[in-house]
2 protein chains.
Amino acid sequence: MKKKDKNTEQVILLAARKVFIEKGLAGSRMQDIANQAGHNKALLHYYFTSKNKLFDIVFEQEIGSFFSHLAGILAEELPLFEKIEKIVSLDIDRLTQLPGMPNFIINEMNQNPDVILKRLKKIPVEMILGNFQKQVNAEIKMGAIRKITAQQLLINIQSLCIFPFIARPMVRGIFQMDEKAYLAMMQKRKTEVAAFIINAIKV
Amino acid sequence: MKKKDKNTEQVILLAARKVFIEKGLAGSRMQDIANQAGHNKALLHYYFTSKNKLFDIVFEQEIGSFFSHLAGILAEELPLFEKIEKIVSLDIDRLTQLPGMPNFIINEMNQNPDVILKRLKKIPVEMILGNFQKQVNAEIKMGAIRKITAQQLLINIQSLCIFPFIARPMVRGIFQMDEKAYLAMMQKRKTEVAAFIINAIKV
DNA sequence: CTAAAATTTAACCAATTGGTTAAAAATATT
DNA sequence: AATATTTTTAACCAATTGGTTAAATTTTAG
């Protein structure tokens with residue numbers, strides 16, 4: 001006896017992801033998602049019960065992806081400066097491939113902070129930051145870098161990588177860049193941001 | 001003959017600003033704005049014709065405020081390092097007082113990039129960046145700081161100041177901070193971020 | 001092959017939404 | 001004070017929205 005068709009479910013999820021990332025929860029319409037999926041709107045309810053349920057699944061997938069990506073890099077066994085270079089490079093490449101995703105996460109997260117707060121309450125900081133924190137503290141102890149918490153260093157790295165992506169229209173507008181020039185700039189930032197950070201912390 | 005009542009207009013605009021900043025354009029309802037203003041919904045149409053017209057005015061006010069604030073600081077006659085310290089300090093204080101504003105601007109800007117791109121097309125870069133750029137270039141020439149464009153320096157400063165505010169729920173969640181701890185951290189960042197940046201660029 | 005189960009659809013529904021209309025109320029003018 | 005003008009309101013409207021229902025279609029099981 002065939003359970004619900006996984007393929008249809010996946011098609012709907014992909015469509016929902018696209019529409020939600022573009023328009024956000026408040027701005028997305030079930031009919032638009034149905035159109036994107038190439039199915040009847042009632043089918044969305046058959047598989048996912050409600051708009052909010054569908055959204056929750058999509059949001060959870062994006063958040064999960066973000067955190068596993070982050071934790072993965074932070075946990076790598078690399079010298080600190082090389083790790084910073086790698087984080088920055090991977091972050092910028094990844095964000096270049098997922099244009100709407102950071103703004104989507106940030107905005108939805110701000111619309112409903114409790115969701116993310118509750119979710120993260122269940123995850124010990126150490127799971128994300130543990131290895132990185134040890135590494136940063138060891139470098140400080142060795143006198144190789146200035147005193148800074150792993151926390152602040154991570155916030156700064158992510159700030160420098162992510163913000164220019166979500167501020168894209170403003171950056172392009174202020175500096176009169178077309179899309180091509182903007183993307184070239186972001187590629188250049190891969191090494192520039194890493195150097196900026198390393199120069200900021202190295203003794 | 002009395003023209004339209006400026007006070008009612010202002011009351012509506014303030015209400016609209018509050019609701020739009022909290023919910024965004026797509027998530028805001030004219031009835032909610034009317035409730036917030038303490039007036040009948042039809043009055044919003046009498047004064048502002050449509051939801052979109054009302055939004056445009058509010059958005060323009062917020063954007064105008066953002067840019068005049070930015071240009072003001074950048075134009076100040078201060079030594080570069082002191083200017084950086086001041087920018088960071090004022091940014092963080094300002095963002096602390098306007099919790100929802102950055103996410104509002106960023107999200108709406110991403111929903112409709114053309115609006116901001118068109119608006120900024122009319123503003124020469126030099127108006128915002130001119131003095132700052134000259135200053136940065138002079139410091140480079142003197143060998144006081146590393147080579148960096150004023151553009152990238154400004155992006156980095158704003159990244160480090162703004163992003164932790166819009167990423168608030170995530171930062172709080174990852175690092176298990178309550179609101180008080182988060183605000184204390186942001187206050188501490190006033191000097192830490194400035195030092196980070198200065199250390200990043202000084203020779 | 002038949003019947004049961006699952007999937008998909010078209011039609012429908014109640015609520016909400018931005019906006020309109022006309023009357024009531026307030027203010028300004030003469 | 002009477003009248004004209006402006007502001008404000010309650011009631012109304014058409015369209016849209018998320019969701020429901022029942023029938024049609026497809027798939028599965030025996």
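How many residue pairs are in polar contact across the interface of chain A and chain B? I will come to that count after some background. What we have here is a predicted model, so please hear every number as computed from it.

Start with the interface between the chains. On chain A, 57 residues are in contact with 57 residues of chain B. Together the two chains bury about 4,900 Å², and carbon and sulfur atoms account for 68% of that. Three residues of chain A stand out: A:Phe163, A:Met170 and A:Phe196 supply 14% of the area that chain A buries against chain B, more than any other three residues.

Now the polar side of it. The answer to the opening question is 16 residue pairs in polar contact, counting pairs with both residues at pLDDT 80 or more. For salt bridges between chain A and chain B, the rule finds 0.

Next, which parts of chain A do the touching. The largest share comes from H9(A), with 13 residues. Sorted by class, the side of chain A that touches chain B holds 37 nonpolar, 13 polar and 7 charged residues.

The domain assignment gives domain 1, residues 1-49, and domain 2, residues 63-201. Their C-alpha centres lie 31 Å apart.

How many residues of domain 1 of chain A are in contact with domain 2 of chain A? There are 5, and they meet 5 residues of domain 2. The area buried between these two domains is about 360 Å², with 67% of it from carbon and sulfur atoms. In domain 1 of chain A, the residues that lose the most area to domain 2 are A:Arg17, A:Ile21 and A:Leu25, together 78% of what that side buries.

Between the domains of chain A, the rule again gives 0 salt bridges, and the count of residue pairs in polar contact, both at pLDDT 80 or more, is 1. On the side of domain 1 that touches domain 2, the residues divide into 3 nonpolar, 1 polar and 1 charged.

Definitions and conventions: Residues numbered from 1 in each chain as written. Chains lettered and ligands numbered in written order. Predicted model: local features only at pLDDT ≥ 70, side-chain atom pairs only at ≥ 80, totals over all residues. Heavy atoms only, no water. Domains from an automatic or database assignment. Contact = heavy atoms within 4.5 Å. Buried area = accessible area lost by both parts, 1.4 Å probe. Salt bridge = Lys/Arg side-chain N within 4 Å of Asp/Glu carboxyl O. Polar contact = N/O pair within 3.5 Å; in protein donor to acceptor, adjacent residues only side chain to side chain. Nonpolar A, V, L, I, M, F, W, Y, C, P; charged D, E, K, R; others polar. Helix = DSSP H or I, 4+ residues; strand = E, 2+ residues; numbered from the N terminus.
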